[in-house]
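Trainee: I would like to learn how to read ring contacts, a helix and a strand in a model. Please take them in turn.

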Amino acid sequence: MMSSSFNIYRVGISFVMMCIFYKSAVDSLSELSPQKYFSTLQPGKASLAYFCQADSPRTSIFLEELNEAVKPLQDFGISVAKVNCVKEETSRYCGKEKDLMKVYLFRGNILLREFPTDTLFDVNAIIAHVLFALLFNEVKYITTLEDLQNIENSLKGKANIAFSYVRAIGTPEHRAVMEAAFVYGTTYQFVLTTEIALLESIGTEAIENAHFYFFHCKQVLDLTQQCRRTLMEQPLATLNIHRFIKTMEAPLLTEVAEDPQQVSTVHLQLGLPLVFIVSQQATHEADRRTAEWVAWRLLGKAGVLLLLRDSLEVDIPQHANVVFRRAEEGAPVEFLVLHDTELIISRVEGNTHIEEMQEDEDEDMQSPDMDIQDDEVAETVYRHRKTQLPLELTVELTEETFNATVVASDSIVLFYAGWQAVSMAFLQSYIDLAIKLKGTSTLLLTRVNCADWSDLCTKQNVTEFPVVKMYKEGKHPVSYAGMLGTEDLLKFILLNRISCPVNITSVQEAEEYLSGELYKDLVPYSSVSVLGLFSPNMTIAKEDFTKAGNYLRGFVITGIYSEEDVLILSNKYGATLPALLLARHKEGKVESIPFANSRVQDIVQIVTNALLETFPEITVENLPVYLRLQKPLLILFSDGSINPQYTKAILTLVKEKHLDSLTPCWLNLKNTPAGRGILQTYFNALPPLPLIVVVNLHSGGQVFAFPSEQAITEQNLLLWLKKLEAGLESPITILPAQEWKPPLPAYDFLSMMDAAASQHPTRKEPECTKETNMQKNDKQQHEDKRSLLLFF
Amino acid sequence: MSLLAAAGLWGPPGLLLTFALHPALCLRPAPTSGPPHRDYCVLGAGPAGLQMAYFLQRAGRDYAVFERAPRPGSFFTRYPRHRKLISINKRHTGKANAEFNLRHDWNSLLSHDPRLLFRHYSSAYFPDAGDMVRYLDDFADRLGLHVLYNTTIAHVTLNKDRQAWNGHYFLLTDQMGHAHRCSVLLVATGLSVPNQVDFPGSEYTEGYESVSVDPKDFEGQNVLILGRGNSAFETAENILGVTNFIHMLSRSRVRLSWATHYVGDLRAINNGLLDTYQLKSLDGLLESDLTDLAIVKDREGKFRVTLKFFLEEGNQSTDAITLPQDDNDNFAMRVAYDRVIRCLGWNFDFSIFDKSLRLSSGGEFSKKYPLVKASYESKGSRGLFVLGTASHSVDYRKSAGGFIHGFRYTARAVHRLLEHRHHGVAWPSTEHPVSQLTSSIVRRINEASGLYQMFGVLADVVLLKENATAFEYLEELPVQMLAQLETITGRRARHGLFVINMEYGRNFSGPDKDVFFHDRSVGHTEDAWQSNFLHPVIYYYRHLPTEQEVRFRPADWALPRPTAIHHIVEDFLTDWTAPVGHILPLRRFLENCLDTDLRSFYAEPAGKKGNSPEAGCQEKHKAIAGHGLSPIISSLEPGVLLPVCPNTPEAASLLPAGVPENAGARGN
């Protein structure tokens with residue numbers, strides 16, 4: 001009720017105007033007596049008053065801040081005053097003692113809030129708190145995901161939500177949100193939280209000081225559907241929010257049929273570029289879908305329009321399918337040929353250098369898009385080619401220095417080729433590793449550019465790039481075969497710090513080893529520690545185990561124990577010698593595996609198998625390992641960490657051997673965003689999570705989805721699996737067998753040469769003619785595919 | 001081991017002679033108690049002979065080199081007469097890559113010893129022939145090559161024997177009458193016989209091989225030079241400033257090497273006479289068939305040029321011989337010459353080879369060289385290979401096989417053939433997953449010197465494995481032997497192949513071509529097939545071509561018609577590493593031949609966030625760095641689901657270190 005009267009004030013004040021006010025208002029803090037102050041209060045008008053003793057110091061930090069807040073608050077129609085309490089003053093607002101002085105917020109003469117001065121630590125805090133108090137009804141403060149979901153559900157089909165997270169109340173970001181709420185609070189439901197966990201649970205990556213989301217709930221008619229969310233990518237500041245909201249209000253997609261140079265939308269006024277998707281009558285429907293998809297992706301970053309070529313009077317180049325116009329006045333309109341919507345996105349994000357289509361179109365058979373780099377690694381490396389890497393953190397080796405260096409100190413060597421994109425991208429990771437390890441490692445990080453020292457690389461048996469080898473104590477170098485990234489390489493280096501297997505000399509040490517105490521810092525990199533137990537006389541078995549350990553170097557920690565008192569350990573863990581003890585640190589379990597008569601390969605196999613988890617979280621890194629089991633995958637997709645009940649249900653099924661023919665696993669979309677792409681392929685749209693599918697990759701490619709309306713319980717799952725097995729379920733989709741095709745056609749030089757030679761016809765063998773035809777067909781297919789790409 | 005044993009047996013040449021004199025004392029367990037046996041005999045310790053010896057030595061083979069002179073490289077002790085080699089000794093390229101630098105080193109032989117690079121022997125761009133002699137001497141010494149000096153092989157015959165590797169042995173007889181028996185004969189004797197043209201009066205001519213090199217001897221003389229090769233121009237260059245004039249007479253027009261791209265044609269360093277001729281300084285070039293000519297000596301002892309036809313008119317006294325100017329008083333060569341110098345090149349010395357070897361020349365028009373196959377093996381007798389300059393018939397006037405910077409590679413190719421034929425060592429190759437295909441090719445086209453020097457003759461070959469998931473890379477195969485690839489290399493080519501060749505543009509090279517025409521360079525990738533300058537060309541074949549297809553290929557094609565072809569656009573810097581201009585179109589070509597995707601992907605799509613445009617850039621860079629980058633796969637693109645196939649090499653690259661090989665990982 002109170003707020004409604006306040007609304008009258010607010011109407012019509014725009015942010016732009018506010019900015020002008022900021023400059024024009026010159027009022028400063030008025031000092032009044034209590035009596036005088038209360039007489040000035042007007043009904044419905046908000047006022048902030050600082051009550052202090054008349055004899056208190058004239059200046060203080062708080063007063064300075066308050067003084068600064070006067071103008072902005074006046075812009076919101078809030079007056080500010082300093083009220084001097086005289087000693088004999090009896091007003092209840094005058095505190096008894098100096099340190100009890102408080103600030104009071106009134107509407108009319110009704111007290112709304114009182115603030116201790118330390119809450120209002122600076123001008124931002126003052127404004128944030130005051131507006132927060134005044135806009136109590138407009139801005140809902142929440143602490144749990146449930147709160148958010150409730151608000152979301154209640155507003156579906158009715159209104160959109162402006163959801164924001166700030167680290168704390170009273171921060172500059174909080175002020176910005178409150179200022180925005182002041183203007184837009186009646187149009188959108190503002191929701192505020194300071195709970196980082198809440199933010200995590202809605203899937204925000206890399207959480208920073210503040211985030212601002214726009215939830216598009218108004219158009220959601222199906223209550224089970226989630227509201228689309230758009231994250232504001234700019235820093236949380238008043239003007240940014242204003243601009244962001246303005247773009248949210250603008251139509252998602254506009255159809256135009258006029259010269260792109262003449263079109264004007266709110267986006268241009270806001271300094272955002274325009275993207276025109278060129279369409280024609282024949283493909284209008286598909287183009288519109290594409291454009292809508294692009295528009296959603298670019299919401300808040302650019303305006304997206306559908307340009308109808310057929311009814312256009314001006315000429316645009318024939319092949320151009322995208323027109324790009326920057327917001328700067330007089331910036332030329334760019335005509336582009338982009339066959340991947342991702343390219344449009346990256347174009348707008350201003351990161352891609354794409355060769356512009358020449359205006360003077362020559363009559364080439366080939367379209368120029370083949371020159372567009374579609375290898376993301378090559379593309380990023382090219383884009384950053386001018387970025388100087390701090391190469392000095394690694395030692396560059398040459399033919400002259402190589403041998404002396406790797407003999408003199410333990411070294412890790414990156415063999416790369418300066419012209420190869422993957423090499424250069426990995427070099428970046430390698431430098432990052434050098435930064436990480438700076439001053440902590442005795443290992444020398446070196447590199448050899450094989451483009452310069454070709455012979456040296458060949459001598460080191462390096463014939464492909466990039467290759468990482470570790471040279472240690474003059475031993476045979478160990479090659480690294482993990483992912484080409486900082487993390488995995490770091491693991492390799494750290495695990496190589498200890499010898500493999502490491503020699504354990506006492507029972508106590510063995511226990512420390514198994515508990516993970518001995519190599520505490522390495523345990524995070526090796527989920528399992530392996531200990532081989534041998535009687536002192538088992539020389540051959542020990543030798544084999546040592547070889548296996550060497551083989552597993554940098555991959556898992558292995559140790560060996562073969563003292564006289566080895567029986568203490570074998571008895572304790574119920575093992576018969578020789579035995580392998582596997583300590584699973586995560587689960588805190590130690591299991592023993594007998595391996596009498598096992599040879600090196602068998603031991604390696606046992607350890608490798610032991611590393612497989614029963615219900616692993618699938619990541620891009622470990623996927624190939626699990627795929628190699630050749631079983632259909634049962635994947636639980638989860639947005640965030642998994643519900644323990646689901647884990648329990650699946651582990652029970654595993655224990656009861658119901659899942660033997662499958663590889664059960666789960667995928668965390670937070671850790672593996674690529675999962676979204678997978679789900680999209682399966683369901684066309686992102687379905688509500690969690691969700692279980694069975695994917696038969698190895699034969700048939702069928703995908704089955706566990707009915708989402710059913711609860712994920714043991715019984716339900718089992719029933720469903722039975723049905724699956726009986727063939728009673730039909731797949732939701734069937735994946736194409738081999739989709740690993742050339743992304744674009746190549747230049748067909750053979751036909752060009754033939755065409756040139758046809759002026760002087762040469763004898764052609766019939767077989768060759770056939771080949772040419774086949775190539776033509778290929779080309780046709782490629783073209784079909786290309787158009788598919790654009791209109792998926 | 002066999003090398004040591006052989007070395008012990010050889011001993012110094014003197015000792016060997018002793019053995020030869022007393023066959024009964026010979027300790028060698030030869031199959032028959034005949035003359036001393038060697039698996040490989042090399043004739044001639046010139047550059048080609050030493051190069052072959054080096055490869056045989058490194059492989060530990062039983063071999064000997066026979067050299068009639070007391071030291072290696074005797075040709076260079078006398079030739080070129082004016083001592084300046086016209087092979088480039090480029091000591092700086094701005095690059096460290098040793099293999100690349102060999103592209104611009106025309107004098108060094110191949111070895112593992114970086115001290116044996118010619119640039120350590122001369123600082124001159126066109127070095128002195130004496131430095132070459134010193135170099136070859138060092139090469140033989142430092143590497144300890146087994147050369148029997150002062151041994152002139154006077155006669156070579158064939159001795160049929162079913163036990164022998166090739167069904168016969170080669171019997172070599174030296175000047176002392178001692179015999180040597182060889183399983184394989186490698187002839188590297190070069191071209192040693194000065195070419196003579198028979199015409200009346202040819203006895204009045206002086207030969208290049210003996211003419212004075214002292215310009216003083218030509219002061220104020222009228223000189224006629226027969227021939228128009230580098231030796232003719234070299235001779236002219238030396239005396240250009242002291243003669244009245246020099247006329248140069250040859251059958252056909254001059255061929256400039258910068259127009260023909262053939263290093264054996266006239267090099268610019270020798271072409272001073274062309275300059276003075278065209279600048280009206282009395283010197284001149286004439287074309288006429290030498291066999292129609294006659295030279296007569298007049299009363300003053302000067303030489304007059306006339307036609308053979310006039311001489312045949314009757315038995316006339318010298319004064320009465322009709323001269324062309326009698327009818328045509330403006331006949332060009334109507335002046336009297338003080339000297340006539342013959343610079344007509346050299347021919348192979350066939351004389352020591354017995355008829356049984358059937359080592360013949362290529363017929364009336366190519367008497368210069370013995371006839372060999374593309375594998376450098378004689379067409380007449382199996383097991384006889386011709387190396388070095390004498391083997392130039394394979395690529396005469398095309399590539400560099402007649403010169404050190406070319407035949408050092410063909411010798412290596414011959415050695416590789418022999419290793420497979422006689423010792424079961426397959427042609428060296430490396431095997432890679434298909435994800436490395438683009439890189440493997442890019443690496444070679446940018447550094448390989450053999451491909452660059454022996455363009456059109458030696459080519460790299462990529463043999464695809466089943467389903468094109470992996471490939472073998474073979475370097476520098478004699479490309480005309482493509483059809484016989486499986487038999488000569490011991491490798492299988494059942495699933496298609498790529499051939500990587502270097503080529504000049506068609507119709508670009510030729511003696512009458514203007515190589516400086518406007519718009520001669522091609523810059524656009526889509527026009528790459530019209531490239532003129534030397535550039536890489538990649539041929540794709542679904543099946544290994546047959547011998548018929550190789551032999552009856554279209555006239556101007558280096559190889560039979562492929563399934564698909566790719567030209568990498570010519571590059572001014574011969575640096576084919578431009579990501580978009582060179583590598584991208586190559587990748588597209590390979591992808592389309594193999595019907596696969598050869599791109600690399602980040603394990604996770606990079607660059608998901610970024611607050612401001614500026615920060616966006618940086619963030620994205622960080623994201624690349626922070627994420628694991630796998631050379632292949634895990635692109636979970638829309639429309640493609642988990643495109644990881646188990647057991648594919650792509651998947652292997654994602655495997656953690658230490659996973660056993662049999663589990664599908666990339667081998668360590």
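Mentor: Start with a charge over a ring, counted if NZ of Lys or CZ of Arg is within 6 Å of the ring centre and within 35 degrees of the ring normal. Arg181(B) has its charged end over the ring of Tyr169(B), 3.8 Å from the centre. Arg228(A) likewise lies over the face of Trp296(A), at 4.0 Å from the ring centre. This is a predicted model, where local features need pLDDT of at least 70 and side-chain atom pairs pLDDT 80 or more, while totals for chains, interfaces and linings use all residues; side-chain values use heavy atoms, without hydrogens and water. Residues are numbered from 1 along each chain as its sequence is written, and chains are lettered from A and ligands numbered from 1 in the order in which they are written.

Trainee: How many aromatic pairs does a search of the whole structure find?

Mentor: A pair of aromatic rings is described by the distance of the centres and the angle of the planes. Rings of Phe, Tyr and Trp (its six-membered ring) pair if their centres lie within 6.5 Å; planes under 30 degrees apart are stacked, over 60 edge-to-face, the rest tilted. The search finds 55 pairs over all chains. One of them, Phe534(A) with Phe545(A), is tilted, at 5.5 Å centre to centre and 55° between the planes. Phe534(A) lies in the loop between strand E22 (528-533) and helix H19 (539-551) of chain A and Phe545(A) in H19, so the pair ties together parts eleven residues apart in sequence. Helices (H or I, at least four residues) and strands (E, at least two) are DSSP runs, numbered from the N terminus.

Trainee: Which residues of H25(A) are buried?

Mentor: An α-helix has 3.6 residues a turn, so residues three or four places apart point the same way. Buried means under 20% relative accessible area, exposed over 50%, partly exposed in between (1.4 Å probe, protein chains only). In H25(A), Leu717(A), Trp720(A), Leu721(A) and Leu724(A) are buried. They cover an arc of only 100° around the axis (taken from the directions from the axis to the C-beta atoms), which puts them on the same side of H25(A). The face turned away carries the exposed Gln715(A) and Leu719(A).
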